[in-house]
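Here is a short briefing on side-chain contacts, cores and the chain interface. Please read it alongside the model.

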Amino acid sequence: MAKREIPEINAGSMADIAFLLLIFFLVTTTMEKDTAYVRKIPKKLELPQTDPIEKRNICDIAANNENQLLFRGIPMEDPDLISDKVLEFYQMNENLTKAQTIAALKNPGYKGSNFPFYSFTSKEEIEENVLTSETQLAEVENTPGVEEDVIEFKLKQLDEWLAKQKAAESYGKNILPEIHFQAHIRVEVMAETEYELFTKIQSEVEEAIYELRDFAAKDIFGESYGIIKKREAMDKTDKAGDKRKLKLLEVLYPARIIEVKPN
Amino acid sequence: MSKFRKGGGREVPGVNTSSLPDIVFMLLFFFMVATTTKESDPTVKVERPVGLKATDMTPYKQRSEIDFLYLGEPRNPARAAEFKLGYALFLDNVLQPAAGELYNTNAISRWKKDKFESKPPRMKEKIENVITCVKADKSAPTILIFDIRDQLEKIDALTVAYAVEDNGVF
């Protein structure tokens, strides 16, 4: 048989096909990133009694229908100042030693008496607290007719102490400094406050907390918070132990933000 | 001396286009990798506010773990009158009235629940941790955001995200 020559495939239309695909992808895709502030809605728990919250532990940011700001009761013109003020809220009493804190608590004339104080918990105390919350939880679970909310609350407490235990381990020092457990940021807006201002407040708060954690990250790990966070998100195997690092930073500078529903 | 040929139509060789598909494919792959698909084209106007240090919702997390809802004025002005305060919600390609006393108050919780239940079980996280991302217009009144939160709270979808435009490095 004679050799039959294989005809060459005409690839001239290949470019057209590729262009078609290209244009399809150009049209259906977006370049813009989706960025957002993630917040937890607190779960409603019915508890028999809780301690009243001291005024010094509330960092209150309010906005009215005319988009005017009130920061801890003082009118504020420029929303860009919020982050500095939030930083101040966290840092005012941060560098006091245990003895100084006790003295400052007794002295009503102290300049930082309207700011949250720090507590100094040693590893032993944390361990003790883990044990007591464990026994409390067991006790509550074994009590007949107890409300589920109470169990959940105890469970949450135990989780918190366990997180602190882990944090203390990665912190390496014997004493874990901690802002008062009641300290929180309270965002109070009115019905017609614009979403833009609401997110501006969120942005400023986020910025302040980022900065605090960044200081701590550089101090403890010698790396910036952003790098740790990014690496944690990229690396599924978590080689550098970033999850643990982030947990510690979250315990040191908790972002407790409460958003109050306008009525 | 006639070393130089005169006239004598010398033909211009055709440009070789055989590498054109390669170039185009390269572009195509670039766009496929560098972009993400739009999940929907909302029929409400959403102009995002700007913010700093926001969390990135796209890259490493699968988009399917996040449910997006849009809040803004309807693009069709004739429909604006139907909605409370002039703002409408856009969920899954349907315009819904923003939460409120008008009607259809359970739209969000129903939508979220349906979405959650239609996911395959192996992809399911606790509903508490499934993020609901609210993309609201700059000038939307916050009461509507809190109405949305209320509805999410009812079904224990306790993670909410407020979308902003972050032009930072992160």
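**Charges over rings**

A:Lys164 lies over the face of A:Trp161, 4.2 Å from the ring centre. This is a predicted model. A second case is A:Lys245, whose charged end sits over the ring of A:Phe221 at 5.2 Å from its centre.

**Aromatic pairs**

- Over all chains, the structure holds 9 aromatic pairs.
- One of them joins B:Phe25 and B:Phe29, which are stacked, with 6.0 Å centre to centre and 25° between the planes.
- B:Phe25 and B:Phe29 are 4 residues apart in helix α1 (residues 20-34) of chain B, so about one helical turn separates them.
- B:Phe25 is partly exposed at 24% relative accessible area, and B:Phe29 is partly exposed at 48%.
- The pair of B:Tyr70 and B:Phe90 is edge-to-face, because the ring planes stand at 70°, with centres 5.9 Å apart.
- B:Tyr70 belongs to strand β4 (residues 66-74) of chain B and B:Phe90 to strand β5 (residues 88-91) of chain B, so this pair ties together parts 20 residues apart in sequence.
- B:Tyr70 is buried, at 6% relative accessibility; B:Phe90 is also buried, at 2%.
- In chain A, one aromatic cluster is formed by A:Phe89, A:Tyr90 and A:Tyr253.

**Nonpolar cores**

- The largest nonpolar core has 73 residues, and the members that touch the most others are A:Ile61, A:Val86, A:Tyr90, A:Ile185 and B:Leu71.
- Helix α6 (residues 195-220) of chain A gives this core its largest share, 11 residues.
- Neighbours within four places in sequence aside, A:Val86 is in contact with A:Cys59, A:Ile61, A:Phe71, A:Ile185, A:Val205 and A:Ala208.
- A second, separate core holds 14 residues, including B:Phe68, B:Ala88, B:Cys133 and B:Ala161.

**Interface of chain A and chain B**

- Chain A brings 50 residues to the contact and chain B brings 59 residues.
- About 5,200 Å² is buried between the two chains, and carbon and sulfur atoms give 63% of that area.
- On the chain A side, A:Asp34, A:Ile41 and A:Tyr195 supply 17% of the area buried against chain B, more than any other three residues.
- The interface is crossed by 6 salt bridges.

**Salt bridges**

- The count over all chains is 22 salt bridges.
- A pair that crosses between chains runs from A:Lys261, in the segment after β9 (257-260) of chain A, to B:Asp147, in helix α4 (residues 142-154) of chain B.
- The closest N and O atoms of A:Lys261 and B:Asp147 are 3.5 Å apart.
- A:Lys261 is partly exposed at 36% relative accessibility, whereas B:Asp147 is buried at 12%.
- B:Glu47 and B:Lys138 meet in a salt bridge at 3.4 Å, N to O.
- That pair links distant parts of the chain, 91 residues apart: B:Glu47 is in the loop between β2 (44-45) and β3 (55-56) of chain B, and B:Lys138 is in the loop between β7 (131-136) and α4 of chain B.
- B:Glu47 is partly exposed at 48% relative accessibility, and B:Lys138 is partly exposed at 26%.
- B:Lys112 and B:Asp67 form a salt bridge at 2.9 Å, N to O.
- B:Lys112 lies in helix α3 (residues 107-117) of chain B and B:Asp67 in strand β4 of chain B, so the pair ties together parts 45 residues apart in sequence.
- Both B:Lys112 and B:Asp67 are buried.
- Shared partners join A:Arg39, A:Glu206, A:Glu259 and B:Arg149 into one network of salt bridges.

Methods. Residues numbered from 1 in each chain as written. Chains lettered and ligands numbered in written order. Predicted model: local features only at pLDDT ≥ 70, side-chain atom pairs only at ≥ 80, totals over all residues. Heavy atoms only, no water. Phe/Tyr/Trp six-rings, centres within 6.5 Å; stacked < 30°, edge-to-face > 60°. Helix = DSSP H or I, 4+ residues; strand = E, 2+ residues; numbered from the N terminus. Buried < 20%, exposed > 50% of the residue type's maximum accessible area, 1.4 Å probe, protein only. Lys NZ or Arg CZ within 6 Å of the ring centre and 35° of its normal. Core = buried A, V, L, I, M, F, W, Y, C linked by side-chain atoms within 4.5 Å. Contact = heavy atoms within 4.5 Å. Buried area = accessible area lost by both parts, 1.4 Å probe. Salt bridge = Lys/Arg side-chain N within 4 Å of Asp/Glu carboxyl O.
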